[in-house]
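Please look at the sequence and the model below before reading on.

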Amino acid sequence: MDKKVTGIVAYFTLIGWLIAYLAGDKNGAKFHLNQALVLAIAEIVLGFVGGILGLIPIIGGLVSFVLSVLLFICWVLGLVGAIKGEEKPVPVVGGIKILK
């Protein structure tokens, strides 16, 4: 896979990320591999936090919903950036570097 396809595939679930990492252009798409990994980890963390917040009536569910929508927006922005071939960090979690 070339750089662009690797970046796009990385955003589709952890399995897509793993395929992109193992079969794609790791060096060329390192930015999007990192962004997708950070978003996937944020999604897992949000699942746990959302479960805990869900125990709080009304407000907990609302906060969990808003965080989920924000994470989805970040995912869409990252995917659109990969499609366009841009290396623009997503809001909030885009500055986190896991892959060196």
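What follows is a short report on a predicted model.

**Helix packing**

Helix α1 spans residues 3–10 and helix α3 spans residues 30–53. The two pack at an angle of about 0°, and their axes are 8 Å apart. Because of that angle, α1 is roughly parallel to α3. On the α1 side, the residues that meet α3 are T6, G7 and A10; the α3 residues they meet are H32, L33 and A36. Sorted by class, this contact has three nonpolar residues, three polar residues and no charged residues.

**The nonpolar core**

The largest nonpolar core has 17 residues. Those touching the most other members are A10, Y11, W17, L33 and L39. Two or more residues are given to this core by each of α2 (13–23), α3 and α4, and α3 provides the largest share, with six residues.

Apart from neighbours within four places in sequence, L39 is in contact with Y11, L71, C74, W75, V90 and V93.

**A buried serine**

S64 lies in helix α4, which covers residues 59–84. Its relative accessibility is 15%, so S64 counts as buried. With neighbours within four places in sequence set aside, S64 is in contact with G50 and L53.

**Aromatic pairs**

The count of aromatic pairs comes to three. One of them joins F12 and W75, whose ring planes stand at 80°, so the pair is edge-to-face. F12 lies in the loop between α1 and α2, whereas W75 is in helix α4, so this pair ties together parts that are 63 residues apart in sequence. Another pair, formed by W17 and Y21, is stacked. W17 and Y21 are four residues apart in helix α2, so about one helical turn separates them.

The geometry of these two pairs is set out below.

| Pair | Centre to centre | Angle between planes | Class |
|---|---|---|---|
| F12 and W75 | 5.8 Å | 80° | edge-to-face |
| W17 and Y21 | 5.1 Å | 10° | stacked |

How exposed or buried are the residues of these pairs? F12 counts as partly exposed at 41% relative accessibility, and W75 is also partly exposed, with a relative accessible area of 24%.

Conventions:
Residues numbered from 1 in each chain as written. Predicted model: local features only at pLDDT ≥ 70, side-chain atom pairs only at ≥ 80, totals over all residues. Heavy atoms only, no water. Axes fitted to C-alpha atoms, helices over the stretch in contact; angles between N-to-C directions. Parallel < 35°, antiparallel > 145°, perpendicular 65-115°, else oblique. Contact = heavy atoms within 4.5 Å. Nonpolar A, V, L, I, M, F, W, Y, C, P; charged D, E, K, R; others polar. Buried < 20%, exposed > 50% of the residue type's maximum accessible area, 1.4 Å probe, protein only. Core = buried A, V, L, I, M, F, W, Y, C linked by side-chain atoms within 4.5 Å. Phe/Tyr/Trp six-rings, centres within 6.5 Å; stacked < 30°, edge-to-face > 60°.
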